[in-house]
Amino acid sequence: MAGVGEVLTPIVLREVARKLGSAARDQVTAQWNFTRDLDGMRTTLESVNALLRDRSSGRRRRMFEYIVV
C-alpha cells in the first residue's frame with residue numbers, strides 16, 4: 001500500500017510548480033508594463049522639453065526684436 005507521502009508528493013509538487021509559474025508570469029508582466037510605461041513617460045518628457053525649448057527660443061526672439069526696433 002502506498003504511503004500518504006507518496007500520494008501527496010505529486011500534488012504538492014504540482015501546486016508548487018503552478019505557483020512558481022504564476023509568480024514568474026506576474027514578474028514578466030510587471031516588467032513589460034513598466035518598460036512600456038517608462039517609454040511613454042520618456043516620449044512625453046521629450047515632447048514637453050521640445051515645447052519648452054521652442055517657447056523659450058520664441059520669447060528670446062521677441063525680446064530681441066523689441067530691443068532692436
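User: What makes the nonpolar patch on the surface, and how much accessible area does it have?

Analyst: Val4, Val7, Leu8, Ile11, Val12, Val16 and Leu20 form this patch, with about 630 Å² of accessible area together. A patch takes residues with over 30% relative accessible area and no salt bridge, joining nonpolar side chains (Val, Leu, Ile, Met, Phe, Trp, Tyr) within 5 Å and like charges within 9 Å. Accessible areas come from the Shrake-Rupley method with a 1.4 Å probe, and for residues only the protein chains shown count as cover. This is a predicted model, in which local features need pLDDT of at least 70 and side-chain atom pairs count only at pLDDT 80 or more, while totals for chains, interfaces and linings use all residues. Residues are numbered from 1 along each chain as its sequence is written, and side-chain values use heavy atoms, with hydrogens and water left out.

User: Why is Val12 called partly exposed?

Analyst: Buried means under 20% relative accessible area, exposed means over 50%, and partly exposed is in between (1.4 Å probe, protein chains only). Val12 has 47% relative accessibility, so Val12 counts as partly exposed.

User: Where is Val12 found?

Analyst: Val12 is in helix α1, residues 4-68. A helix is a DSSP run of H or I with at least four residues, a strand is a run of E with at least two, and both are numbered from the N terminus. The protein chain has one helix and zero strands.

User: What makes the contact of Asp39 with Arg42 a salt bridge?

Analyst: A salt bridge needs a side-chain nitrogen of Lys or Arg within 4 Å of a carboxyl oxygen of Asp or Glu. For Asp39 and Arg42 the closest N and O atoms are 3.1 Å apart, so the pair meets the definition. Asp39 and Arg42 are three residues apart in helix α1, which means that about one helical turn separates them.

User: Which residues are linked in a network of salt bridges?

Analyst: Asp39, Arg42 and Glu46 are linked in this way. Arg42 also meets Glu46 in a salt bridge, at 3.7 Å from N to O. Arg42 and Glu46 lie four residues apart in helix α1, about one turn.

User: Are Asp39, Arg42 and Glu46 buried, partly exposed or exposed?

Analyst: Asp39 is partly exposed at 33% relative accessibility. Arg42 is partly exposed at 46%, and Glu46 is partly exposed with a relative accessible area of 46%.

User: How many salt bridges does a search of the whole structure find?

Analyst: The search finds four. One of them joins the side chains of Arg36 and Asp37, at 3.5 Å from N to O.
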